[in-house]
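Hello,

Here is the structure you were to receive. My notes on one part of it follow below.

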Amino acid sequence: MLFSVAIITDTISSNSLLTFPGYFCLTLFTIKCYENKLSAISIVVIFFVAMLLIKFYTIYLLFVESLWSLPIILIHCLGIISAFFYLKLKRPVNMLPFALSFLLTMFMFFQGWDYWIHKINFGTFTGRVSAYNLPAKFEAFDEQKNLITENNFNDKLILLDFWFTRCGVCFQKFPQVQAVYDKYKSDSSIAIFAVDKPIEGDKPNQAFEVIKEEGYSFPVVIAKDEELPERFGVKGYPTTFVIDSNGVIVFKGDIAGAVKMVDELKNVK
């Protein structure tokens with residue numbers, strides 16, 4: 001099933017930044033208000049049950065489809081647990097669980113969510129991978145119907161950006177593809193291709209036409225086999241690969257990381 005790699009880390013990280021202190025304060029307030037009627041551990045259990053019920057659908061997706069929501073569930077739990085230990089431990093030790101949990105929340109807010117979502121979408125935290133050979137034969141047609149294969153990659157640094165015509169996020173990322181193309185288009189040792197996955201409903205040459213309509217000039221090719229991206233291990237779109245001059249994949253991830261990898265490899269030479 002096709003889907004776009006939506007970058008939702010801003011919403012998720014902001015949510016965690018608010019919900020961690022929220023769960024902490026609410027748990028703390030409730031324990032103090034009802035400590036004469038219920039034990040602190042009972043209140044904590046009630047909060048866990050309530051949180052699990054509220055987050056039922058998120059947790060369902062967590063175990064059935066994706067682990068993307070795992071850190072936010074853990075951060076919610078840390079808010080509840082930190083409040084319990086804040087009341088039960090002696091000072092200043094009682095501040096340690098809160099401090100550690102807060103530092104984790106801040107890390108997730110500033111960088112951790114980007115790493116985690118990248119791991120879920122692309123299999124690595126940063127996109128850098130141990131060099132491995134192409135997992136499938138590459139065959140795609142350019143606008144002139146020329147067949148582009150891995151033979152065209154020989155002794156070149158290659159950037160492949162996999163997309164499809166109904167992928168909104170792909171079009172959001174195309175300015176970055178255009179920027180790296182403009183930067184290196186005169187360098188014959190680098191080749192950049194936006195690889196379109198043909199889907200049902202696409203008109204002939206639609207991929208080429210829509211790119212021109214958007215004002216982009218980077219090279220576009222259409223995969224000969226519609227399953228080519230999946231054979232490369234693409235699970236969401238867009239996904240970008242960098243292939244070094246030895247013909248091995250050294251990066252799999254988002255376009256921003258791919259551009260950094262290309263710049264790095266060019267500086268090495």
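Asp 161 has Ala 194 in strand 5 as its bridge partner; strands here, like helices, are DSSP runs numbered from the N terminus (E, at least two residues, for strands; H or I, at least four, for helices). The model is predicted, so local features need pLDDT of at least 70 and side-chain atom pairs count only at pLDDT 80 or more, while totals for chains, interfaces and linings use all residues. Residues are numbered from 1 along each chain as its sequence is written, and side-chain values use heavy atoms, with hydrogens and water left out.

Strand 4 (residues 157–163) and strand 5 run parallel and are joined by seven bridges; two strands pair if DSSP finds at least two bridges between them. With helix 6 (residues 168–184) they make a right-handed β-α-β unit, meaning that, with the strands pointing away from the viewer, the path from the first strand over the helix to the second runs clockwise.

Strand 5 is also joined to strand 6 (residues 220–223), in parallel, by three bridges. Val 195 stands opposite Val 221 there. The crossover from strand 5 to strand 6 passes through helix 7 (residues 206–213) and is right-handed.

Seven of the seven residues of strand 5 (190–196) are buried (under 20% relative accessible area, 1.4 Å probe, protein chains only). One side carries Ile 190, Ile 192, Ala 194 and Asp 196, the other Ala 191, Phe 193 and Val 195.

Asp 196 has contacts beyond four places in sequence that include Trp 163, Asp 202 and Val 221 (heavy atoms within 4.5 Å).

Regards

Note on methods: Buried < 20%, exposed > 50% of the residue type's maximum accessible area, 1.4 Å probe, protein only.
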